[in-house]
Each structure stands twice: as C-alpha cells, then as structure tokens.
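Visitor: Could you walk me through this structure?

Guide: Gladly; have a look at it here, and ask away.

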Amino acid sequence: MSSVVAVKPVVPVKPLVPVKDEWKVGALLTKADYEAWYERSVEDPDGFWREHGQRLDWIKPYTKVKNTSFAPGAVSIQWFEDGTLNLSANCLDRHLADKGDQTAIIWEGDDPQDSRRISYRELHEDVCRMANVLKDLGVARGDRVSIYMPMIPEAAVAMLACARIGAIHSVVFGGFSPDALGGRMEGSATKLLITADEGLRAGRKVPLKANADKAMEIAAKAGHAVEAMLVIRRTGAEVAMREGRDHWWHSLRETVSPDCPPEEMSAEDPLFILYTSGSTGKPKGVLHTTGGYLVWASLTHQYVFDYRPGEVFWCTADVGWVTGHSYSVYGPLANGGTTLMFEGVPNYPDAGRMWQVVDKHQVNIFYTAPTAIRALMGAGDAFVAKSSRRSIRLLGSVGEPINPEAWNWYYHVVGEERCAIVDTWWQTETGGILISPLPAVTDLKPGSATTPFFGVQPQLVDNEGTVLEGATEGNLCITDSWPGQMRTVYGDHERFEQTYFSTYPGKYFTGDGARRDADGYWWITGRVDDVINVSGHRMGTAEVESALVSHPKVSEAAVVGYPHDVKGQGIYCYVTLMEGQEPSDELKKELVAHVRNEIGPIASPDKIQFSPGLPKTRSGKIMRRILRKIAEDDFGALGDTSTLADPGVVEDLVDNRQNRK
Ligand code: PRX
C-alpha cells in the first residue's frame with residue numbers, strides 16, 4: 001500500500017463528541033454505574049475484585065484476593081492466589097450446555113472464498129484432542145510450548161490445548177524470522193513447537209515449517225534442543241518432516257480421545273510468555289498467569305466493548321501479539337462470544353476487504369489499529385462506500401496514538417457517525433485494556449484514550465519522579481496493581497523490577513508519556529524510552545541496531561523513530577561503515593535485507609543514512625535526541641550540542657541529510 005496518505009479532512013475534527021442516546025440503548029453500564037464502580041474499585045479493591053473474580057468458574061474458590069507490592073526490591077504480584085481453575089474450561093466447557101452449537105470462531109481465510117464456522121462443541125473437541133496429542137508427545141504441566149502459526153483456528157486450539165494441560169505457551173508472530181523464533185525458543189527452553197506447513201498472506205506463501213526447521217537449529221546451537229514439532233497442514237505444501245521429531249496434527253488427531261479432563265491450575269500458575277521489545281537488544285519474556293489475567297481479559301472485553309450475547313466481535317490483531325491473545329481468543333471465548341479470526345491483510349484482494357468481511361459475517365464490533373485505518377483512509381472512501389457496514393455497532397482502536405484525522409475518518413466514513421469509537425490504551429505487560437472510553441458512558445475526544453478502567457490508577461510524574469497534578473504532561477505511571485498485570489519477566493525477576501519499578505520506585509512505569517487535560521482525560525503521547533511503535537508493533541531500537549552491526553560491513557549503528565504517515569513511526573538508521581567500505585544504494589538494500597532476515601519484515605529500515613560519525617558525549621554515549629531531530633528534519637532545534645565530543649559530527653549529519661533530499 002502506498003505510504004503517502006492524502007489526509008482529506010472529511011469534516012473538521014470536533015474536540016468533543018458527546019455520547020449519543022442510541023449508544024445507551026441496551027448498554028451494560030451507565031455513567032453512574034461507571035463512576036460508582038470505579039470509585040469502589042480503587043477504594044476497596046479487595047471487595048471489588050472478590051465480587052468480579054466470580055465471573056469465572058473456579059474449581060476451588062479463592063479466599064484471598066489482592067496480595068501485591070510495588071515496593072523497591074520486593075515487587076510481588078498475586079491475585080486470587082489460593083483459588084484453582086482451568087482456563088480452557090472457562091473458555092469452552094462451561095459454555096457447552098447453553099451454547100454448544102453457537103459459533104465460537106468464524107474464520108475468514110486469505111482467499112475471500114475461504115471461510116469456516118466452528119461451534120463451541122467442535123472447538124472443545126479439537127482442543128481436547130490437541131491436548132491429548134501434546135501429552136502423548138511428552139508435554140507436561142509447566143512445560144513451555146512455542147506456537148508459530150498463521151491466523152487459522154488451530155492457533156487458538158493450540159493456545160487453549162496448552163492451557164488445558166497446564167503447559168505454558170509462547171506464541172511467536174508468524175512474521176518473525178527463524179533467528180527471532182530460535183532465540184525465543186531457547187530463552188523459554190521450549191519443549192515442543194507447534195507450527196504449520198505454510199502460511200498464506202495476500203496470496204503469498206510464508207514458509208513456516210522451513211523457518212521452524214532453521215529456528216530449531218539456531219536454538220540447538222544456542223544450547224537448547226527442542227524435542228518435537230507438531231505441524232498443522234494449511235496449504236498442503238510438501239515440507240520436510242524429520243522422522244521421530246516432527247508429527248502431523250491431522251494424523252495424530254485421529255489417534256487420541258476427544259475427551260481430556262482439564263488440569264486443575266492455581267490462579268498464579270503461568271499461562272503464557274509473550275516476548276516483547278524493550279530498551280535493550282534482547283526481547284523480554286512477559287509472563288502472565290491464569291486467574292487474574294482471565295478476569296481482566298474477560299471483564300475488559302465485556303465492558304469496554306459493551307459486548308452482548310450473540311454479537312460478532314472482530315479484533316484484527318494476529319495471535320502473535322497480545323491483542324490477539326486477549327481480544328481474539330481469551331476475552332471473547334471466556335465470555336461465550338463469537339470471535340472472528342482473519343488470516344489475510346486489509347488490502348487484499350483490494351482495500352475494501354475489511355468491509356466485505358464485515359458485511360459477509362455481520363460483524364457488530366470492529367477493533368483495529370490506527371495504522372490500518374490510515375492506510376485504508378489513504379486508499380480512498382470508494383472502497384468503504386461499496387459496503388453496507390450496517391451491522392457495526394462499535395469501533396475500536398489500539399496499538400498507538402490515533403491522530404484526530406484518522407479518528408475522524410473512522411468515525412464519519414466507516415461508522416457513518418452511528419458508532420462510538422473506543423480508543424483503548426494498554427500494553428503487552430498490562431494483559432488487557434487500562435485506559436479507554438466506555439461506549440455509553442464517556443464523551444469522546446478524538447485522539448484521547450479518555451479515562452481509566454476499573455482499578456486502574458494512572459499518575460503523571462516528571463523526570464525526577466515528582467508527582468504532577470492538574471492539566472499537564474509527564475511520564476505515565478500506574479500506582480497500584482490490577483489483576484491482569486504481568487507477574488515477572490520469565491526467568492528474570494530482577495529485570496522485571498529493574499525495567500518497570502526502578503525508574504520511579506513504588507510505581508509501575510509504563511514507558512509512555514501522557515498528557516492529562518483539564519477534564520481529567522488522558523492523552524497518550526507515545527514512548528519515552530528507546531522503543532518505537534511501527535504500525536502498532538513495538539520495536540526496540542537496540543534490537544535493530546544489533547541486527548545492523550551484526551553485518552560484516554557495519555561498524556556502528558544508531559536507530560531512531562521518525563513520523564511516518566501510515567506506520568505512525570518509521571525506522572531511521574544511522575550507519576557507520578567499516579574502514580574501507582563505500583556507501584552505496586546497493587549496500588542500503590543489502591542492509592535492509594539483512595535486518596529483515598535477522599528479525600523479520602516488520603523491522604525493515606525505512607531510511608538508512610550513512611554517517612562517518614555519530615554524535616556522542618565525551619563518555620561515549622550516543623545522543624539520540626539529536627539523531628531524532630535530524631530524522632524529523634527539525635534542524636533548528638538541535639538543542640545544546642556543547643557536551644559532544646566532536647560537535648562537527650552534527651554538521652556533517654545535517655549536511656548529509658539535506659543533500660540527500
Ligand atoms: O506506546 C503505547 C502504545 O503501544 C505500546 C504497547 O505496545 P504493545 O505492548 O505491543 O501492545 C500493543 C497493544 C496493546 C504502549 O506502550 N499504545 C497502545 N495502545 C495505544 C498506544 N498508544 C496510544 N494510544 C493507544 N490506544
């Protein structure tokens with residue numbers, strides 16, 4: 001899709017869009033409910049969550065509710081700790097009596113001719129069978145299973161099958177490279193990998209099994225041998241199967257019982273690991289546990305989306321990201337809902353695809369990322385106008401700040417002013433939504449995530465940690481725990497404390513900046529650390545830098561984000577070459593290919609600037625502030641460069657940048 005968007009103001013952006021009377025019809029919560037619930041949730045968290053924890057089926061009910069501490073050196077987070085339950089039983093078994101024949105998953109394939117509906121009964125049987133297959137292949141409670149899959153129902157089956165037997169899943173996005181998968185399998189000491197022969201996106205095949213084979217070798221070289229692989233047949237391509245190690249799901253499926261009793265898990269037993277980028281080169285394994293996570297995913301799904309029985313919910317995120325975990329799979333299924341899984345991309349066969357799918361499956365709630373909205377906006381209104389979209393009742397946005405122009409287009413053109421937009425702010429670490437409007441409750445302001453969900457207490461602090469009051473801007477912290485919060489970095493609790501609780505001791509630091517306006521509304525301004533947000537995906541600049549310097553011709557690299565019309569932020573790389581290497585367009589291409597190969601296509605550099613030197617302080621620290629300004633073409637505001645070891649470097653960089661244009 002073109003990267004140039006003609007931002008056509010549909011109608012001027014209004015600063016406030018009040019709740020419409022239609023949005024209140026049949027709504028689960030009124031404004032008065034929200035206010036009363038919120039107040040209770042922060043004043044009496046124990047009482048509030050004791051009550052709301054009961055939305056799940058517990059095997060042994062909890063007597064304890066909240067046991068959390070953000071204290072320096074003693075961060076510990078436990079919710080419902082003495083309760084036991086099984087997550088897959090909560091997502092499946094408990095719905096069978098009433099909803100066995102109701103559709104749990106609507107699957108829409110990459111090819112518009114391909115779709116399937118899977119009932120709760122069918123999903124339950126598949127999950128039990130896969131759980132039994134995993135057990136037969138030696139997977140036991142507490143073992144790690146990696147999942148590297150396309151968006152097909154079997155991805156959800158695999159996650160739920162792990163949860164059924166108490167194995168910990170680690171889903172790795174199917175667009176990641178063998179290196180990235182191998183590193184994550186090694187990091188989590190994965191016992192078994194679930195993958196598919198190939199994925200299919202926009203008609204193109206993605207060689208998942210071949211990538212998985214390479215990743216197995218990479219993990220083995222790093223010191224961890226993954227024992228087995230379970231392969232799902234998706235395209236039917238010929239793939240190499242290693243005797244004794246690799247197994248076809250469709251063959252083993254027939255050899256096992258369709259019943260598998262759910263394992264009784266403690267609320268605090270790990271459910272999944274999800275790797276995410278941080279400020280350092282190595283992604284962190286964010287660990288979520290069972291009880292609190294599911295309470296959070298299901299409660300936020302129900303109330304933020306005002307989800308009502310029978311509605312079709314479509315979250316466009318891939319299961320490789322946290323949004324896919326909480327809102328394509330766990331939240332909707334825990335609530336007995338119907339969730340749509342889409343294998344394809346928004347612009348294939350054309351830019352009208354999303355709206356065709358909405359009409360085809362009568363989607364009621366549509367939840368996507370600003371980058372997709374901007375790309376579709378750029379493709380023109382005609383693609384939208386060809387569809388009816390009358391089924392849509394609510395629109396949602398997630399992943400990055402939504403610019404008011406894109407919000408406006410979503411509201412006026414896609415929703416025809418009939419639907420509220422919930423701009424939901426949250427993170428992999430938070431398990432589910434923390435700040436968002438509620439459709440019948442919150443007057444909307446385009447670009448603002450508005451107000452906190454139950455139990456969430458945001459706070460702004462300055463760089464020294466002083467708490468800021470009133471209408472102001474600062475670093476966004478959360479002062480107390482909520483049930484969906486991550487519990488630790490897998491295998492490295494110290495890193496967990498260090499990353500999230502040491503900058504502002506006693507508080508969870510989100511890594512985001514935010515503004516609070518005079519009405520108390522929250523506006524997320526973006527990351528304040530060395531993480532950039534590319535098309536709603538988190539990318540550590542250090543990860544891209546380490547990929548670049550692993551190329552033999554590169555001596556040094558510094559990576560920053562810059563504003564990009566469609567992606568939100570693009571990846572801008574300053575590269576210093578080894579002695580004797582000549583800059584060239586060919587070399588740029590080689591470096592782009594190298595980074596794609598090391599991390600995956602989502603990390604593709606958008607711009608590479610060869611720079612003989614990088615601006616450094618006398619102690620050798622790269623001054624990224626200056627690099628960001630140059631990447632943004634903001635040459636007038638480079639700030640104080642007097643602390644630089646060699647101020648001349650900056651002039652060279654600016655000259656280079658200007659000559660290049
Ligand atoms: O910077 C914020 C941005 O995405 C980051 C979290 O990324 P990730 O863990 O990959 O999870 C994405 C999906 C939840 C945040 O630190 N972000 C997410 N949602 C919003 C947002 N920024 C502004 N507005 C949002 N609604």
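Visitor: What covers the buried residues of α16?

Guide: A word on the model: it is predicted, so local features need pLDDT of at least 70 and side-chain atom pairs count only at pLDDT 80 or more, while totals for chains, interfaces and linings use all residues. Residues are numbered from 1 along each chain as its sequence is written. Helices (H or I, at least four residues) and strands (E, at least two) are DSSP runs numbered from the N terminus, and two residues are in contact if their C-beta atoms, placed from the backbone, lie within 7 Å. The cover of the buried residues includes α14 (370–379), α15 (382–385), β19 (394–398) and β20 (420–424).

Visitor: Why is α16 described as largely enclosed by the rest of the structure, and which residues of α16 are buried?

Guide: A residue is buried if 20 or more other C-beta atoms lie within 10 Å of its own, exposed if 12 or fewer, and partly exposed in between, with C-beta atoms placed from the backbone. Helix α16 spans residues 404–414, and eight of its 11 residues are buried, so the helix is largely enclosed. Those buried residues are A406, W407, N408, W409, Y410, Y411, V413 and V414.

Visitor: Which residue just after α16 takes a positive phi?

Guide: Step just past the end of the helix. The phi there is about 50°, and the residue is E416.

Visitor: Which element gives the largest share of the side of domain 1 that touches domain 2?

Guide: The contact takes 19 residues from domain 1 and 18 residues from domain 2. On the domain 1 side, the elements giving two or more residues are α8 (178–187) and α14. The largest share, five residues, comes from α14.

Visitor: Is L96 buried, partly exposed or exposed?

Guide: L96 is found in helix α5 (residues 96–99). Leaving aside neighbours within four places in sequence, L96 is in contact with Y120, R121 and H124. Because 16 other C-beta atoms lie within 10 Å, L96 counts as partly exposed.

Visitor: How far apart are the C-alpha atoms of L96 and G336?

Guide: Along the chain, L96 and G336 are 240 residues apart.
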